[in-house]
Amino acid sequence: KKKARESCSLPECSWEERLANAVTPLWRLPYQEQLQVKYESQRKILQTLSSRLEELGIDPQKPARLCCPLEPVVPSPIINGYRNKSTFSVNRGPDGNPKTVGLYVGTGRARNIVCVKANNMENIPSKHKQVAQCYEEFICCSPLDSCILFHEGGHWRELVVRTTSCGHTMAIVTFHPQELGQEALATQKALLKDFFTCGPGAVCALTSLYFQESTMTRCSHEQAPYQLLHGAPHIFEELLGLKFRISPDAFFQVNTAGAEVLYQAVGELCQATGDTVLLDICCGTGTIGLSLAHQVSKVIGVEVVEKAIEDAKWNAAFNGISNCEFHSGKAEAVLPQLLASWEDARPLVAVVNPSRAGLHYRVVRAIRNCRSIRRLLYISCKPEGEAMRNFLELCCPPDPRKKLTGEPFAPVLAIPFDMFPHTVHCELVLLFTR
């Protein structure tokens, strides 16, 4: 690790190496060493959790409440080119080209951002690199400027590429309209479509080409609709024998092969029986719930992205799965109402897979206060962040002032999954029981 960090500052270090060091800092290490580095980082996270629990006054003589066994990191079945989704920025490159399509080296705060092509990135598949290169070729020929800073004008912005093991490719181009009228916008969309369907970009063989007019850094389909310029509205992925429909902004685990391993393990950890009800919180397109539907009597999914819920319902129907129901809305609004009136006598197991922002406090409170939930699986891509707050809220003593009256949970097992080879990140599955 030290050698990798030092190499980043060497004067002879190329821009490609600097990018690899910034985005995939473990790329120089043999894969087994990468797994060991990740194991040590997850162990430190558990040590932090143990210390924080002890600060809350939980009896240190009860090891299960302070800490839990940490299993070895489960390796990714695919080590290189595993990403099924890549987001490319548009900015100035090392050569000064303001229409370089790639990934960032540097930070906005330090004002030293350089956009470097991702051609040598080991975690990005060749198809993504091909689409990014074609997009750069297109915008370099366009008379419109790239949009580097909103207030300085310009139009061409980021590119998202999604691919599946079925051979499908979706490209989503983000465009700042600035003061352009509808006629001018229509012209740009037509030019982009022609480039990727009958021009040089046709080599990418896109399944779907989307266009989003956005005046914000990030926005949802509701804020700025995704406009289909060419092809099918969805791409499809196969996972654990099921077929899943994916919309432009729907969440899907970035490493499909790794997701199969992860979901199989989640199914085993749930210890679900034929009469179990599975509560899938932050369910995305329903991948976890649908993959486990055959083990349980019923699946209830909750997801904030409306398009993802549409996909989840379609996925259930297409795969002939009839024991699932999906609710669209913020988990903090849907779940308390759902669980407050819960009177079902069947065992209830919860699986939560939130974003890096973690679960809203009202979601944790609803889980804590529902006596039927005795087993909880928390899947986190950043357990040292906001998820740590959730862990403490799940395990702390009851606090009537915070309306946290339910019996506390205890962590009993932690299993890291390497969903992101070459990076320092891991997907940690923490099993809580009470």
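Reader: What do the side chains of Arg28 and Glu17 do?
Author: In this predicted model, they meet in a salt bridge, 3.6 Å from N to O. The pair links distant parts of the chain: Glu17 is in helix α2, and Arg28 is in the loop between α2 and α3, eleven residues apart.

Reader: How many salt bridges does a search of the whole structure find?
Author: The search finds 14. One of them joins Glu40 and Arg43, with the closest N and O atoms 2.6 Å apart.

Reader: Where are Glu40 and Arg43 in helix α3, how many residues apart?
Author: They are three residues apart, so about one helical turn separates them. In an α-helix there are 3.6 residues a turn, so residues three or four places apart point the same way.

Reader: What about Arg374 and Glu407?
Author: Their side chains also form a salt bridge, at 3.0 Å from N to O. Arg374 is in strand β14 and Glu407 is in the loop between α12 and β15, 33 residues apart. Arg374 is partly exposed at 35% relative accessibility, and Glu407 is partly exposed at 38%.

Reader: Switching to helix α12: why is it largely enclosed by the rest of the structure?
Author: Eight of its ten residues are buried, so the rest of the structure largely encloses it. Among the buried ones are Met388, Phe391 and Leu394.

Reader: What covers the buried residues of α12?
Author: The cover includes helices α3 and α11, along with β14, β15 and β16.

Reader: Which residue does UniProt list for "active site"?
Author: The unreviewed UniProt entry lists Cys381. Cys381 sits in the loop between β14 and α12. Leaving aside residues up to four places away in sequence, Cys381 touches Arg356, Cys426 and Glu427.

Notes
Residues numbered from 1 in each chain as written. Predicted model: local features only at pLDDT ≥ 70, side-chain atom pairs only at ≥ 80, totals over all residues. Heavy atoms only, no water. Buried < 20%, exposed > 50% of the residue type's maximum accessible area, 1.4 Å probe, protein only. Helix = DSSP H or I, 4+ residues; strand = E, 2+ residues; numbered from the N terminus. Contact = heavy atoms within 4.5 Å. UniProt positions renumbered as here; feature names shortened; annotations may be inferred. Salt bridge = Lys/Arg side-chain N within 4 Å of Asp/Glu carboxyl O.
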